[in-house]
Amino acid sequence: MGGWVGGFVNAGLVAGAALALVPLIIHILNRRRHKPMPWAAMRFVQAAHKRTRRRVRMENWLLLFLRMAAIALLALAIARPFTGEKSPLAGITETRRDLVVILDGSASTLWREGVETTFERGVGRARELLRDLSGARGDRALVVLAGNVPRTAPWTSPEAAAGLLETFQPTEEGLDLAAALGDAIDAAQRENALGARGALEVRLLTDLQRRSFLFEGGGEGREPLGEALDRLAELGVKVLVEDVSTAASQPQNLGISAVAPSTRVLGPMITTDVRVEVRNFGPETKSGVRVALEVDGERRPAQIVDIPARGRTEAVFAVSFPRAGEHTLLARIEDGDKLPLDNTRAHVIHVPPPARVLLVNGAPGAVIEEDEVGYLRAVLEPPLDDGGGIGIASPFEPRTIPPEDLGTTAGDPAAYDVIWLANVESLPAAAVDRLEPWVAAGGALVVSLGDRVDASSWNARMWRADGSGLLPAEIGARVAVRERSASWHRVKSFALDHPALAFFADERFQPLLTEVPVHEFFATRLVPGAKSLAVLDDDGSNALLVERSYDRGRVLLWTSSIDPAWTRMPQSPATLVPLVHELLRYARALDEEPRNLPVGAPLGAEVATFPRGMSVVRPDGSKKPLDGEAQSTPGNRWRLPSVPGRETEASGLYSIQTEGAGVLSFALVIDPLEGDLDRLSLDEVGGIHPALVAVRNEGSSNDAAGAEAPRRGELWRPIAALCLAFLVFESLFGAWIGRRRRVRA
């Protein structure tokens, strides 16, 4: 039935045909109302009138009909009626086409075969399709540059659409085909509302990268694509898919899929392994591939690796960073191929300075076995290499003070990154008043309990039921086993994915945390928003480690002690060392914006000093002033204006340069799977979904073997010509009648 139905492009203007009644209304209103007055000579006039009255009336009605018909035809012409290609009126219609061209602009289309990339071939094919349209005939075109986000121009003439193609550049993103088809769905819904079901033509020009077409369990989680194709099928629209690539079904291509330190960088002058992962997406093994690494622009000696077909390998570089702060890594495959985009990959790494840790010792002892902070200092401050030490720089700078010094010049929280309160009986109100704004501004507070803790005093000053106090939980009663040598508690469960405990997530290391005896602890009641990171196996399933965010900072509560009398953990260095290190590293880390982002992501960051003269430096070295002003944030920090996504559509190293706040680096990277050029065949396309129809490009837009959308013929030109004919005939007929009547008079 799709070839029979008709409708109006501007259906609302059909109501203008009612204006045809205006001449009739004027005629009725202008009819004379008179009272007959007989007089002698009137007999001769009436006799003559009777002879011509019928002819005059017919002439007047004919003129009225011509005027009304001309107005009605004009309204219909403006409403632009159309009919299907099988309609009996199809022979007098003028065929008009609405064409949607979706041009694949994903990173994989930068594959170069000879002098042209796949994207350039797609642009050339789009020009051919647009040349088959005619703006004079009323044809329209919608061009869509498809990436992660479709860049869509408005409906326009084919000539204007061809001009827009010249401005298109390939993206370095993946192809979200479902999002690109959304514009076609919107257009098809409008066509259906006008009665032209299935009249829209949709062309997809792509390299047929397999992963772009996977959905409904296909491995890429692209269920929206299936929904979009289902909707197009319901609307009677088919997507004609053309392959614009000349590549083989599985081209040979190498790409760097990752570059990053293998473990967390602890600090400057500490050697770290940087791993560069190289993937071979092709069907053949590649041997002797040279992989190089640049650190802060300084090239390191290349490594030679072999990569199996459809496999991956790593090149490992030993790197030590001379200073704390930001450093840039740029990995590169020196053997070029036809997709150079994925042969380089950047990464920004932050090397932290030694963490300034203030240890507040509430229970000092004469020997380490009786001093909880003594255990902590041994973990945080290992001996230097004097023949028996471990010989590495420490990532921590600990300092110990008594509780009464907290808040004084010696214990000013602002001078430290983390403060650990170890078995402190209670804190004076003045010290709490200093700690609260410090934590809120981004400081980290760790509290471990013990036998000297006065729970009621802690609760009175640092806990509030509404969660506004520092403590993440109300401290309850002490819980102890009856006989330490015969019974104890263990960690029943813990947050495997939490950064502070992730070390113990490995099955090899879990017993180091879960099998350590705990003899005594404090029961707790968590405040809203607090999280229990480790839970004991006692009857009440009490928490051993609790965390809460406090504005920009965080507070961690260890409900036991760092005392061998309470837990055997201090006597297990394999447990205590990683636990304390990971806990303090996590505690001092600020929740800052990431510096390694996908292409197209906005850039943003905070700095500690007011920035002036802000500018953005792109990977090609071009520099542009950063618009906007820095905004003040809590903690005496400043948020830089965001760099919008339209400025970050190329991969590589970016930086925001400022006067006063220094240089902030960012790495924008492509999806590594864009290098997987495994392609569908045209025969496979038709089996994906009924709405997809494979087209073999033979240089013509009419090569789809009957798959084109039904043609929609418009009638506005014949109707407009008929309207003009009625007006001309009405004018000539009216003039002839008037002249004849004057002659007879």
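Select Arg231 first. Arg231 is partly exposed because its relative accessible area is 29%; here buried means under 20%, exposed over 50%, and partly exposed in between (1.4 Å probe, protein chains only). This is a predicted model, in which local features need pLDDT of at least 70 and side-chain atom pairs count only at pLDDT 80 or more, while totals for chains, interfaces and linings use all residues. Residues are numbered from 1 along each chain as its sequence is written, and side-chain values use heavy atoms, without hydrogens and water.

Arg231 forms a salt bridge with Glu234, and the closest N and O atoms are 2.9 Å apart. A salt bridge is a side-chain nitrogen of Lys or Arg within 4 Å of a carboxyl oxygen of Asp or Glu. Both residues sit in helix 6 (residues 223–234), 3 residues apart, about one turn of the helix. Helices (H or I, at least four residues) and strands (E, at least two) are DSSP runs, numbered from the N terminus.

Next, select Glu606 and Arg639. Their salt bridge has its closest N and O atoms 3.1 Å apart. Glu606 lies in strand 30 (residues 606–607) and Arg639 in strand 34 (residues 637–639), so the pair ties together parts 33 residues apart in sequence. Glu606 is buried, at 11% relative accessible area, whereas Arg639 is partly exposed at 33%.

Then select Arg125, Glu128, Arg203 and Glu242. Salt bridges that share partners join these four into one network. Zoom in on Glu242 and Arg203: their closest N and O atoms are 2.6 Å apart. This pair links distant parts of the chain, with Glu242 in strand 10 (residues 239–243) and Arg203 in strand 9 (residues 201–206), 39 residues apart. Glu242 counts as buried, at 0% relative accessibility. Arg203 is buried too, at 1%. The count of salt bridges comes to 41.

Move on to Leu579, in helix 11 (residues 573–588). Leu579 counts as buried because its relative accessibility is 5%. Show its neighbours: leaving out residues up to four places away in sequence, Leu579 touches Leu501, Phe504, Trp558 and Met569. Contact means heavy atoms within 4.5 Å.

Select Leu62, Phe65 and Phe729, which make a nonpolar patch of about 290 Å². Leu62 belongs to helix 2 (residues 42–79). At 32% relative accessibility, Leu62 counts as partly exposed. Patches are made of residues with over 30% relative accessible area and no salt bridge; like charges are joined within 9 Å, nonpolar side chains (Val, Leu, Ile, Met, Phe, Trp, Tyr) within 5 Å. Accessible areas come from the Shrake-Rupley method with a 1.4 Å probe, and for residues only the protein chains shown count as cover.
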